[in-house]
Amino acid sequence: MTTAVDRFRTAVNTRDLSALEDLFTEDIRLYSPVKFAPFEGRPMVLGLFRVLLRTFEDFRYVGEFAGTAQTSVDGAEAPAAVLLFRTTVNGKEIHGIDMVHLAEDGRIKEFTVMVRPQSAVHALGEAVLAGLVADGLVPTE
């Protein structure tokens, strides 16, 4: 049986934003390593993925763990997966994980990204901010 996590991995690997849209709940929250407050709502999270998919170089998932975990919003126990990835941004190699929580209907309701090392976090933050500004998703400061 194909799950939302399987379909998510395929959509990211093929850079298919329309497939991602169907996988996210309307009120999805994405917690980023470069921003304290989460990105909220399907339009904003899709915009962020648009930026990420063009920013990441040689993005690939290299592992997966599945189980359950409490969500950040309501503390509910939900099906969850941790996806391990590798990528490069502006010449910096990044090791990271995507923590995915599923809603009752099987779509993705919460997403947390963690990356290392700190220099890669900085490079990622700069590249993503530039992309978000260029796409009009955040104001210029």
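Trainee: Which residue in strand 6 stands opposite F24?

Mentor: I108 stands opposite F24. The model is a predicted one, in which local features need pLDDT of at least 70, side-chain atom pairs count only at pLDDT 80 or more, and totals for chains, interfaces and linings use all residues. Residues are numbered from 1 along each chain as its sequence is written, and side-chain values use heavy atoms, with hydrogens and water left out.

Trainee: What makes strand 1 and strand 6 a pair?

Mentor: Strands are DSSP runs of E with at least two residues, and helices are runs of H or I with at least four, numbered from the N terminus. Two strands pair if DSSP finds at least two bridges between them. Strand 1 (residues 24–31) and strand 6 (residues 108–116) have four bridges, in the parallel sense, so they qualify as a pair. L30 has F111 in strand 6 as its bridge partner.

Trainee: In which sense do strand 5 and strand 6 pair, and over how many bridges?

Mentor: Strand 5 (residues 92–102) and strand 6 pair in the antiparallel sense over eight bridges. L102 stands opposite I108 in strand 6. The two strands form a hairpin with five residues between them, and G106 in its turn has a positive phi of about 90 degrees.

Trainee: Which peptide bond is cis, and what is its omega?

Mentor: The bond that joins R116 and P117 is cis, with omega of about -5 degrees. P117 is in the loop between strand 6 and helix 4. Most peptide bonds are trans, and most residues other than glycine have a negative phi.

Trainee: Why is R15 called partly exposed?

Mentor: Buried means under 20% relative accessible area and exposed over 50%, with partly exposed in between, using a 1.4 Å probe and protein chains only. R15 has 40% relative accessibility, so it counts as partly exposed. R15 lies in the loop between helix 1 (4–14) and helix 2 (17–23), and its phi is positive, near 55 degrees.

Trainee: Is D58 buried or exposed?

Mentor: D58 has a relative accessible area of 53%, so it is exposed. D58 lies in strand 3 (residues 57–70), and its phi, near 55 degrees, is a positive value in a residue other than glycine.

Trainee: Which residues touch the most other members of the largest nonpolar core?

Mentor: A nonpolar core is a set of buried Ala, Val, Leu, Ile, Met, Phe, Trp, Tyr and Cys residues joined through side-chain atoms within 4.5 Å. The largest one holds 39 residues, and F8, L20, F24 and F49 touch the most other members. Helix 3 (residues 42–55) gives the most to this core, with eight residues.

Trainee: What is F49 in contact with, leaving aside its neighbours within four places in sequence?

Mentor: Contact means heavy atoms within 4.5 Å. On that basis F49 is in contact with F8, V12, L17, L20, F24, L30 and F111.

Trainee: How much space lies in the largest cavity?

Mentor: On a 1 Å grid over the protein atoms alone, a cavity is a set of points where a 1.4 Å probe fits but cannot get out; a pocket is an open set with protein on both sides within 12 Å along at least five of seven lines; lining residues have an atom within 4 Å of a point. Grid points are joined across faces, edges and corners, and a volume is the space filled by probe spheres set on the points. About 170 Å³ lies in the largest cavity. Its lining has 19 residues, with L52, F56, D98, V113 and L124 nearest the centre.

Trainee: How does the lining of the largest cavity divide?

Mentor: Ala, Val, Leu, Ile, Met, Phe, Trp, Tyr, Cys and Pro count as nonpolar, Asp, Glu, Lys and Arg as charged, and the others, Gly among them, as polar. The lining of the largest cavity divides into 17 nonpolar, one polar and one charged.

Trainee: What is the volume of the largest pocket?

Mentor: The volume is about 220 Å³. Of its 12 lining residues, V34, K35, L129, L132 and V138 are closest to the centre. Helix 4 (residues 118–134) supplies the largest share, five residues. The lining divides into seven nonpolar, two polar and three charged residues.
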